[in-house]
Each structure stands twice: as structure tokens, then as C-alpha cells.
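This briefing is meant to be read alongside the sequence and the coordinates.

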Amino acid sequence: MDGVDQTAPVNTRLGRYVETSTGGENVRAYIPPALPPSPPIDLLPLLERLSAAERALGRLDGITVLLPSHELFLYMYVRKEAVLSSQIEGTQSTLTDLLRFETDAEAGQPIDDVREVSNYVDAMMFGLERMKELPLSLRLVREMHERLLQSGRGAAMSPGEFRRSQNWIGGTRPGNALYVPPPVHELNGVLAALEQFLHEETSHLPALIKAGLIHVQFETIHPFLDGNGRIGRLLVTLYLCTRGVLHKPLLYLSLYLKTYRAEYYRLLQAVREEGAWEAWLQFFLEGVEQTANQAFDAAMRIADLFRQDRERVTERGERVGSALRLHDFLQRNPLVTANRLGQETGLSAPTVNVALADLEKLGIVAEMTGKKRGRVFGYTAYLRILNEGTTPLPTGL
């Protein structure tokens, strides 16, 4: 037909490829179409999974009413997520390493690994606080990224700045990469479109569906030199908070994505190559349901543990008052030195030592170092619940 550009790309779910040069090689970089997908998402086959995920999220969100200290649970849960999210990126730190690092106790894994995890906690808490005055936006994403890479191995990877060079995913060089994200000159356009989608309301898509779309689009754009995965996972929770689906940031998907990482990467690529959004969303919604149920279960078990241990101290402890004060502090800091217990509770060193001995007799705490000096005590059953699923991935994967 006259006047119509027959070569113009059809508005489909599939993006377009452009030739670009990087590392001395010519490669095909992928530019995703703007969201929402066209043709639209077929919600009908997703409704059962969506409903189950929304119920699980609602139950998790209601935990703030049930827990005696939901802020305490959030404090520890955020740290668990930081460990898991960083493990997906290759760190070998455990939750115990992070807690020791934060309390200036005993160094565990290599310090750069622990610092990266600590930076993730900082970036996450910064983002949550910043959203009180700044909407979820590219600016907020950059500010969180700056905190994420403020020190450690990522400090040389342009913290807080979108990349100015080509990156790639998988493979040993650009020429054999599994996936090459948009070239630098296309970044502004695709990022602006993503930011617009964060705030649009015309698609009328459920918040969970939009969160799943946003995550994949961010990973596909891969706008930073480092830290894309961690920021992309954090975006899911921040978006659900901005939409009022969650009142507290209690949903973190890293354990699910770590467990099913091969399927996760396969589905991301299937969206890019085939426009397979529905398959990704089924996987994503199942992850939300599983993760929310696990978090709810963990919170209930922790609340029961605290209650039962208080009862044991009250019924069987020899110096109930001082032991209960230590127990209160251990709920907030399940790994701590005897010196810090004295400083924080105001109890004398002899009183702390006697109360610790009482808690050890009851099996509530255990000394973790085996040393006579600089001893570190752990709230063992609490740490066991928190540590579920946090064994580092084998290296070389």
C-alpha cells in the first residue's frame, strides 16, 4: 500500500535486533518492545495461580498484626534476602557471616563477599525509606544502585550510573554470549518506556502481573555494568509496596529463584525469543505463593520459639530477670559477643556471664567460636530457622 513502510516492525511481543560492536566483535543486541505486551497477556489461564498468590500475599501482609515485633522479623528477613540475592550473583557468604560482620564479631568468609551482602541490606533499606519522598523511578533505582556498589568488588563498576558500554550475559566473550542487552544508544528509550509502565494505569493489569513483567523487562534491559539481578529482584517488592499490595516489604523471591535458577534463566530467554510471557508469569506467580507461604511459616515458628523460650526461662531459669533481658536482646541480635550484651543491656560482665550460662544450660544459646576470649554467642534455634535455604551455591555454576 502506498505511503506505508512495509519494513516497519509489527507491534508484537518480540523485540528487534541491532548490530553492534563490542570487544572487537560484531554482535546482535536485543531491544525489547515496550510494555504491556502486545498481543495482551492472556489472564484466563493465570487466574487460579494469581488468586493463590494473592491469598498467600494477603496472609503474609497480615503478619504485622500477629507478630509481637514485626519490625524485628523484617530486620532479619531483609538480611536473609540480602544473603540469598548475593549468592545468586556468586558470593559465598552465609547469614552467619553477615551477622558476624555487622556485630564486629568474628570474620567469616572473605571480607569482600560479606561487604557486598551488607551493601545490599543498605541499598534495600535506603530504597524503602526513600520511597516515602520519591516515587519508584529511574532516579530511585540509580540511588539504590549507588548504595549497592558503594564498596567491595562492585565499586569500580560505575555505582549509580547506567552503563556507557556494552555488556552481555553468558558465554566467555560477546561473540558466544547467551544474550546481548540493548546497546548504549538505545538505553534511554527503553528505560523511559519502562519507567512509564511503572506508573501507567490504562492496562488495568493486576499488580502482581505487572511486577512480573517489570522484573523481566529490567533484566532484559540490564542497564548497569553490575548489580542488575539484585536491583531487578528488589524492584518486585518495591513495586508491590507502592501499589499497596504489601504494607511491609516482606516478599523476597531470591530463595525461589536460587532453587530453580536454571528454569528461571530459561524462561527469561523464552520471553525474549518467543514472547512467552504467560509461561514466565505462571512460574513467577508460583514463586510468589511459595515464598509468601514460607515467610509466613517462618514468622509463626519464630514467634512460637520466642514465646516458648521465654516460658522456659521463667519456669526453669535461675536468674530470671537478667536472662530475660539477654533473651530480649538476642531476638534482635541472634549472634552477639558477651561484651556487647553487657553494653546494650546495662548488666555487669559477671551478671551477663552467669545469665549466658543459664541460657546455655537451657539449650537456648551456644558459644560459636570455641575460644576463651572474644566469645560469640548464637541463639541457635532462631539462627537455624533464619538459615534455611542459605547454603551457598557450588562454585563454577
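The model discussed here is a predicted one.

**Helices α11 and α12**

- Helix α11, which covers residues 261-274, packs against helix α12, which covers residues 277-316, at an angle of about 150 degrees, and the axes of the two helices are 8 Å apart.
- Because angles over 145 degrees count as roughly antiparallel, α11 is roughly antiparallel to α12.
- The crossing of α11 and α12 is left-handed.
- On the α11 side the contact consists of Glu263, Tyr264, Leu267, Leu268 and Val271, and these residues meet Trp277, Ala279, Trp280 and Phe283 in α12.
- Sorted by class, the residues of the contact of α11 with α12 are eight nonpolar, no polar and one charged.

**Helices α6 and α9**

- The axes of helix α6 (residues 138-148) and helix α9 (residues 228-242) come within 11 Å of each other and cross at roughly 130 degrees, which means that α6 is oblique to α9.
- The crossing of α6 and α9 is right-handed.
- Helix α6 contributes Val141, Met144, His145 and Leu148 to the contact, while α9 contributes Arg230, Ile231, Leu234, Leu235 and Leu238.
- The contact of α6 with α9 has seven nonpolar residues, one polar residue and one charged residue.

**Helices α13 and α14**

- Helix α13 (residues 320-332) and helix α14 (residues 338-345) pack with their axes 11 Å apart and at an angle of about 105 degrees; the two helices are therefore roughly perpendicular to each other.
- The residues that make the contact are Arg325, Leu326 and Phe329 of α13, together with Arg340, Leu341, Glu344 and Thr345 of α14.
- In the contact of α13 with α14 there are three nonpolar, one polar and three charged residues.

**Backbone geometry**

- Most residues other than glycine have a negative phi, and most peptide bonds are trans.
- The peptide bond from Leu35 to Pro36 is cis, with omega near 0 degrees, and Pro36 is found in the loop between β2 (25-31) and α1 (47-61).
- The peptide bond from Ser38 to Pro39 is likewise cis, with omega near 0 degrees, and Pro39 lies in the loop between β2 and α1.
- His204 has a positive phi of about 55 degrees although it is not a glycine, and this residue has its place in the loop between α7 (184-199) and α8 (207-221).

Note on methods
Residues numbered from 1 in each chain as written. Predicted model: local features only at pLDDT ≥ 70, side-chain atom pairs only at ≥ 80, totals over all residues. Heavy atoms only, no water. Axes fitted to C-alpha atoms, helices over the stretch in contact; angles between N-to-C directions. Helix = DSSP H or I, 4+ residues; strand = E, 2+ residues; numbered from the N terminus. Parallel < 35°, antiparallel > 145°, perpendicular 65-115°, else oblique. Left-handed = near helix turned anticlockwise from the far one by under 90°. Contact = heavy atoms within 4.5 Å. Nonpolar A, V, L, I, M, F, W, Y, C, P; charged D, E, K, R; others polar.
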